[in-house]
Amino acid sequence: MQSFLTLIEQIEKELPSSERKVADYVLQNPSAPLFMTMTELSAAAGSSPAIVVRLCKRLNVDGYSDFKIRLSREVFTNEVKEEPEQVMENFYDSGLGTSDLIVQYIKFTSKNLSNLESVLDPKTVDEAAEMINKAKTILLIGQGSAEVTLSDLQYKLARLGKNVIYAKDVNLQIAQSYSMTEDTVAFGISYFGEDQLVNQAAKCVKESGGKLITLTKIGHNHLSRLADIKLQIPASGYEFRTGSTLTRILQIFVTDVLYSAVLGKMSEEEKSNVLRRWNFSVTHS
């Protein structure tokens, strides 16, 4: 089940101050809004009904009634959850043996994969898959730790018979982005969304008339603001302590889901061709 409170926690720091007031109130008093009208909630949070409506849209819920339904499903479950800070303290306990370290690493990764269910919007994934499926050419953009994910995505899409362009040199990506047209799509990955060269390539894509799908951490950033469709992963809050391992796991998980969604949109004939290519590569490997 998607954690609605986790989703609010993930976006809370990125919200404008007016919306943050409402989010903070809900996080501190999760059961209270269930017995309030929109006007009562906005008054209790020191905000306005219009701001509550805006927050609902940001959370991808269909109005205040849907907001209360999503919240009630979580409030009335009795799951005991380990706080992420507690998991991290265990993870960085210098006295841990290797066996315990493995257990804590799995716990931390599982926690963030669970958060992904709240952050990754199914409708957005479906729109991205539709856009990729219809694209004549797909350009992959990103550098650094994103290279592993992009190389994996290149292989996945090529196996589907898609024309995929990917050069690891981001300067070459910028040059390639100038050749984008209306029937081409660029897929850009940057965890923070603030890599200047990646963002430059993305801007060139938009200026050339191409469409842009981005994959970043949740919240506002320059790369996702350029996007036609933005996919997001949870912000762990410990990026500099865990390195890029967790980020890669989450990114590859999202691209795996996207790959399956694209495959689902292909015709039966196209799927048969994919299977034929797959059998050929397995036989000759």
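Among contacts in the protein (heavy atoms within 4.5 Å) between residues at least 6 apart in sequence, 70% join residues at least 24 apart. The structure is a predicted model, in which local features need pLDDT of at least 70 and side-chain atom pairs count only at pLDDT 80 or more, whereas totals for chains, interfaces and linings use all residues. Residues are numbered from 1 along each chain as its sequence is written, and side-chain values use heavy atoms, with hydrogens and water left out. Of the 285 residues of the protein, 43% count as buried, where buried means under 20% relative accessible area, exposed over 50% and partly exposed in between, for a 1.4 Å probe and protein chains only. The accessible surface of the protein comes to about 14500 Å², of which 52% belongs to carbon and sulfur atoms; accessible areas come from the Shrake-Rupley method with a 1.4 Å probe, and for residues only the protein chains shown count as cover.

The protein contains 15 helices and 5 strands, taken as DSSP runs numbered from the N terminus (helices are H or I with at least four residues, strands E with at least two). The 5 strands form an open sheet with parallel pairing, in the order 2-1-3-4-5, and two strands are regarded as paired if DSSP finds at least two bridges between them. The edges of this sheet are strand 2 (164-165) and strand 5 (229-233), each of which pairs on one side only. Strand 1 (residues 137-141) runs parallel to strand 3 (residues 184-189) and is joined to strand 3 by 5 bridges, and Ile141 has Gly188 as its bridge partner in strand 3.

Helix 10 (residues 170-177) lies across strand 1 and strand 2 and runs at about 145 degrees to strand 1. Helix 11 (residues 196-207), which lies across strand 1, strand 3 and strand 4 (211-217), runs at about 155 degrees to strand 1.

Ile138 is buried, with a relative accessible area of 1%, and, when residues up to four places away in sequence are not counted, it touches Ile132, Leu157, Lys162, Asn163, Val164, Ile165 and Val185. The C-alpha atoms of Ile138 and Gly210 are separated by 9.8 Å, although these residues are 72 residues apart along the chain. Ser151, by comparison, lies in helix 9 (residues 146-159) and is partly exposed, with a relative accessible area of 26%. With residues up to four places away in sequence again not counted, Ser151 touches Tyr166 and Lys168, and its C-alpha atom is separated by 9.3 Å from that of Ala167, 16 residues apart along the chain.

Helix 1 (residues 4-12) is mostly covered, since 8 of its 9 residues are buried, namely Phe4, Leu5, Thr6, Leu7, Ile8, Gln10, Ile11 and Glu12. The elements that cover these buried residues include helix 2 (17-28), helix 4 (49-58), helix 5 (63-75) and helix 7 (98-119). Two packed helices are described by the angle between their axes and the distance between the axes. The axes of helix 1 and helix 5 come within 8 Å and cross at roughly 110 degrees. Helix 1 and helix 5 are therefore roughly perpendicular to each other, on a scale in which angles under 35 degrees count as roughly parallel, over 145 as roughly antiparallel, 65 to 115 as roughly perpendicular and the rest as oblique. Where the two helices meet, Phe4, Leu5, Thr6 and Ile8 of helix 1 face Phe67, Arg70, Leu71 and Glu74 of helix 5 in contact.A search of the whole structure finds 3 aromatic pairs, with rings of Phe, Tyr and Trp (its six-membered ring) pairing if their centres lie within 6.5 Å, and with planes under 30 degrees apart counted as stacked, over 60 as edge-to-face and the rest as tilted. The rings of Phe4 and Phe67 have their centres 5.5 Å apart and their planes at 75 degrees, so this pair is edge-to-face. The pair links distant parts of the chain, with Phe4 in helix 1 and Phe67 in helix 5, 63 residues apart, and both Phe4 and Phe67 are buried. An edge-to-face arrangement is also found for Tyr191 and Phe192, at 4.8 Å centre to centre and with 85 degrees between the planes. Tyr191 counts as buried at 10% relative accessibility, whereas Phe192, at 35%, counts as partly exposed. Phe4, Tyr64 and Phe67 form one aromatic cluster.

Key. Axes fitted to C-alpha atoms, helices over the stretch in contact; angles between N-to-C directions.
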